Amino acid sequence: MLNLHHLTSFVMLHQAGSFTLAAERLGIGQSTISQHIQRLEKSLGRQLVARDTHRVSLTTEGEALLGYARGMLEINGKVTALFGESRLRGRLRFGISEDVVANRLSGILEDFVRLHPLVDLELTVALSAVLNQMQEAGELDLVLAKRRLDEQHGKLLYREPLVWLARDPEFVLSRSEFLPLIAFPPPSITRKVAQEALDGAGIAWRVVCTCGSLSGLTAAARAGMGVLVQPRSMAPSGLREVMEGDLPPLEDVEFVLVPRRGADQALVEALSSQIRSRIMPPSREA
C-alpha cells in the first residue's frame with residue numbers, strides 16, 4: 001500500500017525541480033521530503049529520483065510512476081471533496097496574464113483541480129489590461145496580472161524587472177534607422193513601458209511584429225526579427241538579454257491578484273492560496 005503523503009511529496013518534487021522548493025510549497029521540512037522519497041523508493045524497490053548538484057530529475061522508473069501517482073492523488077482529492085465536511089462547490093472564473101501562462105499555469109491548475117474537483121473552473125487568458133476591464137464588467141472573479149508601479153489595484157505577489165531580449169542583440173542593435181520592436185498589441189503594459197523608455201532616450205523604433213500570444217512573439221524574436229520585452233524570470237529560451245547600456249533601462253512591473261468584490265470568497269481564497277504557494281519571487285526560485 002503506497003502512502004499518499006509520500007506520493008504528494010514525489011509529485012511536488014517533480015513539479016518544483018528541487019527539494020527546497022518542494023518543501024516550501026508543501027509547508028514541510030526538506031528532510032521530510034527526502035524521507036518520503038526514500039520510503040517510497042524502498043517500498044517499490046526502485047530508484048525513482050536522480051539527484052545531482054544542479055537539479056532533481058526522475059529516473060525511468062520515476063517517470064513510469066508519475067502518471068499513476070497523479071491519478072491516485074486526484075482520486076483521493078475527489079473522494080475527500082465528495083464526503084468532506086468543508087467541500088467546495090461552485091463556479092470560479094479565473095483570468096490570467098499571457099506571460100504567466102507559459103511559465104507557471106500548469107502547476108497551479110493541477111494542484112487546484114486535484115484539491116477541489118467539484119469546482120467548475122473557467123479560464124481566460126489575455127493581456128492584463130483586458131483582464132481588468134473584463135473584471136470591472138463582472139465577467140471574472142479572480143485575476144492574476146501585471147500592474148505598473150504607480151498603480152494600486154490588487155494584492156501584491158512580487159515585483160520584477162523587465163528586460164530587453166533578442167536572439168542576437170548585436171545584430172539587432174546594429175540597424176541604424178530604427179529599433180525593431182516585437183510586442184503585444186495595445187493596451188499591453190510591457191509594450192507601453194518599452195515605448196516610453198525608447199522615446200525618453202530619443203531612440204527611434206518601429207513595431208515589426210504584433211501578436212496577442214507570447215508563443216508568437218517568441219517565435220518572431222527567435223527568428224531574429226527584433227527585440228522583445230519580458231519579465232526577467234519569464235524570458236523564453238533561445239533569447240539573450242541585451243546588455244545594460246545598449247538600451248535604456250526599463251521600469252519594474254508588479255504581479256498582483258485582483259479578487260472581484262462580491263465573488264465567492266471561499267473559492268477565491270482557495271485558488272489564491274494555490275497561486276501564492278506557486279508564484280514566488282524569482283530570487284527565491286534561483
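## A cis proline pair

P187 sits in the loop that runs between strand 7 (179-183) and helix 8 (189-200). This is a predicted model, and in it the peptide bond joining P186 and P187 is cis, with omega at about 10°.

## Two helices crossing

Helix 2 (residues 19-26) packs against helix 3 (residues 30-44) with the axes 8 Å apart and an angle of about 105°. Angles of 65 to 115 degrees count as roughly perpendicular, so helix 2 and helix 3 fall into that class.

Who makes the contact? On the helix 2 side the residues are F19, T20, A22, A23 and L26, while helix 3 brings in Q30, I33, S34 and I37. Sorted by type, the residues of this contact come out as 6 nonpolar and 3 polar, with no charged ones.

## The nonpolar cores

The largest nonpolar core holds 41 residues. Within this core, the members that touch the most others are F94, L144, W164, L271 and I275. Take L271: leaving out residues up to four places away in sequence, L271 touches L92, F94, I108, F112, L121 and L142.

There's another core too, lying apart from that one and made up of 21 residues, including M12, L21, A23 and L48.

## One aromatic pair

The count of aromatic pairs is 1. The ring centres of Y158 and F255 are 5.2 Å apart and their planes sit at 25°, so this pair is stacked. Y158 belongs to strand 6 (residues 155-166) and F255 to strand 11 (residues 252-259), so the pair ties together parts that are 97 residues apart in sequence.

Are the two partners buried or exposed? Both Y158 and F255 are buried.

## V125 in strand 4

V125 is placed in strand 4 (residues 119-126).

Setting aside residues up to four places away in sequence, V125 touches I96, E98 and V101. How far is V125 from R114 in sequence and in space? The two are 11 residues apart along the chain, and their C-alpha atoms are 21 Å apart.

Conventions. Residues numbered from 1 in each chain as written. Predicted model: local features only at pLDDT ≥ 70, side-chain atom pairs only at ≥ 80, totals over all residues. Heavy atoms only, no water. Phe/Tyr/Trp six-rings, centres within 6.5 Å; stacked < 30°, edge-to-face > 60°. Helix = DSSP H or I, 4+ residues; strand = E, 2+ residues; numbered from the N terminus. Buried < 20%, exposed > 50% of the residue type's maximum accessible area, 1.4 Å probe, protein only. Core = buried A, V, L, I, M, F, W, Y, C linked by side-chain atoms within 4.5 Å. Contact = heavy atoms within 4.5 Å. Axes fitted to C-alpha atoms, helices over the stretch in contact; angles between N-to-C directions. Parallel < 35°, antiparallel > 145°, perpendicular 65-115°, else oblique. Nonpolar A, V, L, I, M, F, W, Y, C, P; charged D, E, K, R; others polar.
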